[in-house]
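Here are my notes on the model you sent over.

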Amino acid sequence: MIFSSDSWLIWASKFIPENRRDWLAAMRAEYISLDDPDARRQFARGCFKAVLVEWVQSRHGLNLLGRAGGSICLILLAVFGFLSARKMGLDPERELSGYAGIISTVCVAYLGAGIMLLLSVRATKYFAAGGFFMAMASLLWFQISQPVMDGVSAKFLSAISLETSGLMAALFMACLYLGWLYDPDRFAV
């Protein structure tokens with residue numbers, strides 16, 4: 001077995017809130033009174049499941065799950081973009097290195113946002129707001145000046161700016177929600 005009976009209760013103690021420690025102490029006393037090792041293991045696993053479900057349904061648990069899920073999505077998007085850009089850049093028949101470079105640059109921002117979201121909601125919120133305004137300024141500049149950079153058309157540059165600004169706006173709104181979810185009193189509506 002990966003987990004012993006005792007380790008289930010140790011893990012449960014890491015997730016249980018302070019106001020429920022007395023419940024865990026009562027469960028530990030009941031656990032000690034059991035003689036059968038299988039019954040002890042099942043009881044300890046049941047206690048862990050109960051604590052884990054309560055933690056996941058708490059504001060703190062939902063906040064962390066939301067942050068982890070968002071980070072995974074952003075990091076996967078960045079990895080997919082890097083792989084696509086690499087494939088584009090290696091195509092000998094078409095000169096797509098300019099497109100590959102721009103996609104890679106945008107993916108660096110997505111990767112940074114994904115890692116930052118795991119570390120701090122507040123920092124990610126500022127990053128997303130800055131990214132949104134930079135992307136919108138780029139979109140406006142691309143629409144007005146119609147530049148061609150390394151064979152990349154202004155339409156592509158505008159589209160990638162619009163896509164980036166949309167993702168940054170969504171990330172900003174997600175950070176506001178995650179902040180409220182973690183501490184609703186601080187973000188009273």
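Is Phe 142 buried or exposed? Phe 142 is buried, with a relative accessibility of 10%; buried here means under 20% relative accessible area, exposed over 50%, and partly exposed in between (1.4 Å probe, protein chains only).

1. Ground rules before the rest. This is a predicted model, in which local features need pLDDT of at least 70 and side-chain atom pairs count only at pLDDT 80 or more, while totals for chains, interfaces and linings use all residues. Residues are numbered from 1 along each chain as its sequence is written, and side-chain values use heavy atoms, leaving out hydrogens and water.

2. Fold content. The chain has seven helices and zero strands, so the pattern along the sequence reads α-α-α-α-α-α-α, given that helices (H or I, at least four residues) and strands (E, at least two) are DSSP runs numbered from the N terminus.

3. Overall shape. The radius of gyration is 24 Å, whereas a compact globule of 189 residues would come in near 16 Å (taken over C-alpha atoms; the globule rule is 2.2 Å times the number of residues to the power 0.38). The C-alpha trace spans about 75 × 45 × 15 Å along its principal axes.

4. Burial and surface. Of the 189 residues, 31% are buried. The chain exposes about 11700 Å², and carbon and sulfur atoms supply 67% of that (Shrake-Rupley method, 1.4 Å probe; for residues, only the protein chains shown count as cover).

5. Contacts along the sequence. Take the contacts (heavy atoms within 4.5 Å) between residues at least 6 apart in sequence: 65% of them join residues at least 24 apart.

6. Aromatic pairs. The count is five, where rings of Phe, Tyr and Trp (its six-membered ring) pair if their centres lie within 6.5 Å, and planes under 30 degrees apart are stacked, over 60 edge-to-face and the rest tilted. Phe 132 and Phe 133 make an edge-to-face pair, 5.3 Å centre to centre with 70° between the planes. Phe 132 is partly exposed at 27% relative accessibility, and Phe 133 is exposed at 58%.

7. Back to Phe 142. Its ring and that of Trp 141 have centres 5.2 Å apart and planes at 55°, so this pair is tilted. Trp 141 is partly exposed, at 45% relative accessible area, while Phe 142 is buried.

8. One more aromatic group to look at. Trp 8, Phe 15, Phe 48 and Trp 55 are linked into a cluster by ring pairs.
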